[in-house]
Amino acid sequence: MAENVITSNDELLKNIKTLLWGSTVKEDVFKRWAQGFSFSVDEPTALVQREGGPCAVIAPVQAFILKQLLPEGDVVTWKAIEVDKCDQLLVKAMVEIISQAADTQDPKYSVVYTNHSNVCASSKEASDPKSAESMVNSAEDTSESSQTSKTQVTEQTPLESEVFHSQLRILTTNSIDDVENLFTEQIGMLKDQYGVLLLLYTVICTKGISGICSEMSDPTEPMIDSTYGYGSQSLINLMLTGRAVSHVWDHDQDIGGLKLRGIDKQNTVGFLALLEHLRYCEVGTFLKSPSHSIWVLGSETHLTVLFSTEKRLVSPETPAEQARRIFKRFDPEGNNFISANLLQDVLAELGLVADAEYVDIMRKKLDNENLGIILLASFMDEFFPEERCMCPDTFVLYHYNGLQRSNPENRVKYHKGQAVLLECTVKCIMDSNPMLTVLQTKWPRIEIQWDIERNPSLN
């Protein structure tokens, strides 16, 4: 393995533990997170979530699995995919998530594993780097001593979270290929009891504590809720984008002198939030319009995944979309208007004519009643009057919910919906239909009929 270092690194692991769980680990919450990655017997490419909580990791991994699958053709054919292929999809999804969390200038990848997972190596091996495969082979000699250690742990019966954290080790490499090879060799470790947590710790360790804390709004708040066990928005964003920012709007925003970090570019997969219709949050175009037609859906307590094989649902940002996004940067309150004296800044940001004489003429035209404001609608009508919508009027969507209890007959499967965009622009919000409500944050005119003759659950 290229320039690898194996170390217990107790201080780093202790800081990761505190960042995730707070000062104390609630044992019942920890046990809900203690699960490996496993696929549904009814849908070979769909991950199963056993308890509430770890969807903050499982749903993003599922989204990146789907990103690889979308070019593979019809969803129906995915049912014939063999186990080995599914394992490859899983590994590549995890590697992509880890890769985007690494420093782009000087990438280093830190794999967190347990010392019973045959990734162990002696101090001699650490100073004499080998390939992931040879390290795994040499580690088999330690299996007997590991078994003895397991017996001692059982006799002492400490808390499960304490046992887990005492067994953690870190392997660091400069090559993402090493990580992929190691995960491929150690797929059993990822499917075992702590697979979800090991991926999460690996992403955090690769990103670095200081990098995460600099992006979070409040680093003192645990990333895993101590009462309900769900992941914070910072954790979700870290898994989806590689950045642990606490908000889902575009760019950073300055609210009363406080800099609040947001999403900095169009993301690979998207995110839609049920609570946006109540204005508890604002999802920007970087997440609403990702480069792939995959969206993680956030309810109040759970994450599911929406996807489509219809490529026309996503496209590079159009000039009008860019204009709307830039305009909103100068409208942090979401009022759909800006102060008239900001018009020159908006035009300059968009690369449009912004000399003082022209701006003065446009300011008077757009604010003809001299109210001191410019409406978004007026601005768009003036500078981007007609832009043909590329989105089709009808398309198929699929929904994934990893929780068995949230699926009909407890069978985790993709559910198909036939969507249509109505001509009417009036949107009806119904608390009894949260699925439609969250879809309307992306497509305000959408109606959809699902193959299970009821709305799939977001919870």
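What does the accessible surface of the protein chain come to, and what percentage of it belongs to carbon and sulfur atoms? The surface comes to about 21,500 Å², and 48% of it belongs to carbon and sulfur atoms. Accessible areas come from the Shrake-Rupley method with a 1.4 Å probe, and for residues only the protein chains shown count as cover.

This is a predicted model, in which local features need pLDDT of at least 70 and side-chain atom pairs count only at pLDDT 80 or more, while totals for chains, interfaces and linings use all residues. Residues are numbered from 1 along each chain as its sequence is written, and side-chain values use heavy atoms, with hydrogens and water left out.

**The whole chain**

Display the chain as a cartoon. It has 19 helices and 13 strands; these are DSSP runs numbered from the N terminus, helices being H or I with at least four residues and strands E with at least two. Of the 459 residues, 51% count as buried. Buried means under 20% relative accessible area, exposed over 50%, and partly exposed in between (1.4 Å probe, protein chains only). Among contacts (heavy atoms within 4.5 Å) between residues at least 6 apart in sequence, 69% join residues at least 24 apart.

**First stop: Gln-68**

Select Gln-68, which belongs to helix H3 (residues 55–69). Its side chain reaches the backbone oxygen of Phe-64 at 3.3 Å. Leaving aside neighbours within four places in sequence, Gln-68 is in contact with Gln-88, Leu-89, Lys-92 and Ala-93.

Helix H4 (83–101) and helix H11 (195–207) are the elements that give two or more residues to the lining. The largest share, 3 residues, comes from H11.

Move to His-251, in the loop between helix H13 (233–241) and strand S4 (253–255). Is this residue buried or exposed? His-251 counts as buried because its relative accessible area is 16%. His-251 has a positive phi of about 65° although it is not a glycine. Most residues other than glycine have a negative phi.

Select Glu-409, in the loop between strand S11 (394–400) and strand S12 (415–421). Its phi is also positive, near 60°. Glu-409 is exposed, with a relative accessible area of 66%.

Asn-407 lies in the loop between S11 and S12 and, at 5% relative accessibility, counts as buried. A polar atom of its side chain lies 2.7 Å from the backbone oxygen of Leu-403. Not counting residues up to four places away in sequence, Asn-407 touches Asn-401, Val-412, Lys-413 and His-415.

**Last stop: Tyr-358**

Finally, select Tyr-358 in helix H17 (residues 356–366). Tyr-358 is partly exposed, at a relative accessible area of 29%. Beyond residues up to four places away in sequence, Tyr-358 touches Leu-347, Val-353 and Phe-383.

Technical notes. Polar contact = N/O pair within 3.5 Å; in protein donor to acceptor, adjacent residues only side chain to side chain.
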